[in-house]
Amino acid sequence: MTIDVATGISRILKQEGVGWVSTFPVCRVNNALGREGVPMLMMRDDRYAVAVADAFSRITAGSQGGSKIGVATFQGGVNAAGMQYAYAGMAQAYEDGSPVLCITDGVPAGASGNSQYDVASAMKTVSKWFGYLDKPERTPELMRRAFTMLRSGRPGPVVLAIPNATATYDETADPYRPVKGWKSAPDLADVRAAVDQLLQARNPLIYAGEGVIYAGASLDLKALAELVNAPVITTLKAKGAFPEDHPLFVGVRGDQVAHYLNQSDLILAIGTSLSPGRFSHGIPDPATKTIIHCNIDELHINKMYPTAHAVIGDARLTLQALCREVSDRTSGAGRAAGDVAAEVRAARDTALARYRQVMNSDETPINPYRVYGDLMEVLDLKKSFVTHESGNTRDQLSTVFDTLIPRGFLGWGNVSTLGFSLAAAIAAKKAFPERASVAVTGEAGLGYMLGNLEVLLREKLGVTVVHISNGGFAGYGPGFWGPGHDPFTHRVLGPDEVDMSKVIGALGFHTERVSEPAAIIPALRRALEINNSGRPAYIEFICCQYPVYGQWVGRGE
Ligand SMILES: Cc1ncc(C[n+]2csc(CCOP(=O)(O)OP(=O)(O)O)c2C)c(N)n1
Ligand SMILES: [Mg+2]
């Protein structure tokens with residue numbers, strides 16, 4: 001049967017289990033999505049269209065319901081206005097390694113002189129793979145290739161550019177079958193070498209990255225940690241890969257994490273690039289440590305730090321192989337427990353004491369940690385989703401928020417593009433409608449979101465936005481950038497000048513403005529209750545600026 005490319009793509013998306021597509025108009029493939037019964041979630045700008053799909057891939061990764069691929073469409077071709085704006089979302093997806101599928105109009109043959117901006121070269125800098133559909137018959141081939149890239153190997157965004165969505169081809173000539181996605185298992189000799197070192201180490205530390213979540217390997221990580229009785233830290237993006245109420249969990253950042261990174265003689269890194277960016281640890285004194293680097297491919301091996309042993313393969317298969325090898329060597333007994341759990345507990349108690357204290361603070365303006373502590377009390381941490389913004393909310397929440405299930409919290413941002421939290425909270429609501437979904441933001445993140453708040457009302461998405469309202473960019477206070485810069489890029493109109501709860505209330509959100517600590521819990525409860533009926537909520541907590549949080553270590557600053 002002869003169909004057009006847009007129809008072919010829509011049908012293939014359905015075959016691949018794509019339940020909806022986020023978009024900002026206009027992309028010609030959209031013409032067939034409605035007809036073929038693939039609902040569109042229209043965001044209010046192209047960057048958010050990408051960010052919601054990106055977050056959907058991240059949040060469903062490795063979940064019990066199965067990993068899902070988020071798909072976004074936006075304007076491209078000769079009038080690539082949408083793409084130019086979507087670039088910000090794509091750059092972040094690429095930086096963070098998120099498997100999102102982006103579909104856009106391609107520049108038709110003969111039209112490459114019509115604009116300055118070069119679609120193909122721009123997209124290639126922010127994608128794992130860029131496909132250009134130069135012949136309608138190639139639709140199944142390119143879609144097959146796209147889903148192979150999205151489901152296999154190191155995750156990253158894939159872009160398809162469609163220059164002529166109304167061109168036709170014979171659907172029966174190359175029938176489409178869904179792509180499974182393939183994994184690689186590690187070389188057993190490498191596993192043995194790693195375990196040799198691991199069992200000799202005095203103070204091994206497991207450093208888990210987001211690859212563990214993509215591989216759906218949280219239980220395997222727990223099994224290995226328990227078998228070798230090693231303390232565990234995770235990266236920001238892997239926060240929740242290991243249950244944070246577990247006796248072997250050290251933290252994501254802070255003095256206790258610094259202590260373990262410093263004292264370890266062996267670091268077993270799994271599913272992480274181990275490349276210290278702005279929001280991650282470096283390895284202190286790397287020459288004195290044995291670094292075993294388990295990764296899905298070679299890209300990060302021997303990058304920045306010398307790798308003593310690499311184990312290349314899928315994180316889950318690698319963890320399982322390590323467990324089997326340790327078990328065989330120790331007749332199932334593993335490494336002796338020693339005092340590891342008690343030491344971890346003591347290190348956490350000491351490091352977290354200062355935060356636990358302010359979590360109970362009655363001061364006004366409210367201390368932001370009091371909001372986080374109360375949020376943890378109100379939420380069912382096994383049935384909820386929380387994410388942070390760029391700024392102090394990231395730094396503070398990643399220091400103290402207890403994440404009990406994978407993606408109960410989404411840490412994001414090797415570089416952190418302000419405004420992503422709203423996209424993440426929307427995606428979480430789409431992925432797990434029965435879970436509470438909360439985005440915690442400052443004023444800068446809120447500024448990026450404002451245009452997109454209408455989507456939550458239109459789509460009846462019961463999400464709560466928690467605003468730590470402190471009248472400025474708390475992390476950038478006077479002195480932060482050095483003299484001369486202050487205070488011009490720090491202060492904005494704050495709660496004394498603007499009542500954001502009225503502004504957002506006028507849109508139709510349930511809103512509250514809270515300045516008393518005792519009112520935090522009741523306000524959060526009301527918001528979450530109202531969310532259950534599909535109405536979004538915005539709560540403005542009048543807070544102090546409190547740029548205090550756990551450190552990153554080993555970055556040589
Ligand atoms: C797109 C983008 N531009 C610039 C930045 C740099 N940046 C990071 S945090 C921040 C300000 C955060 O202030 P606010 O939202 O008020 O949060 P607070 O730290 O006060 O809680 C800025 C400008 C960024 N992360 N993303
Ligand atoms: Mg602020």
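**Arg348 and the fold around it**

R348 lies in helix α12, which spans residues 340–359; helices here are DSSP runs of H or I with at least four residues, strands are runs of E with at least two, and both are numbered from the N terminus. The model is predicted, so local features need pLDDT of at least 70 and side-chain atom pairs count only at pLDDT 80 or more, whereas totals for chains, interfaces and linings use all residues. Residues are numbered from 1 along each chain as its sequence is written, and side-chain values use heavy atoms, with hydrogens and water left out.

R348 is buried, with a relative accessible area of 13% (buried means under 20%, exposed over 50%, and partly exposed in between, with a 1.4 Å probe and protein chains only). Leaving aside residues up to four places away in sequence, R348 touches E244, F249, V250, G251, Q256, A353, R356 and D402, a contact being heavy atoms within 4.5 Å.

The protein chain as a whole comprises 19 helices and 20 strands. Its radius of gyration is 24 Å, close to the 24 Å that the globule rule gives for 557 residues, so the chain is as compact as a globular protein of that length; the radius is taken over C-alpha atoms, and the rule is 2.2 Å times the number of residues to the power 0.38. Along the principal axes, the C-alpha atoms fill a box of roughly 70 × 65 × 50 Å.

Buried residues make up 59% of the 557 residues in the protein chain. Of the contacts with a separation of 6 or more, 75% join residues 24 or more positions apart.

Key: Chains lettered and ligands numbered in written order.
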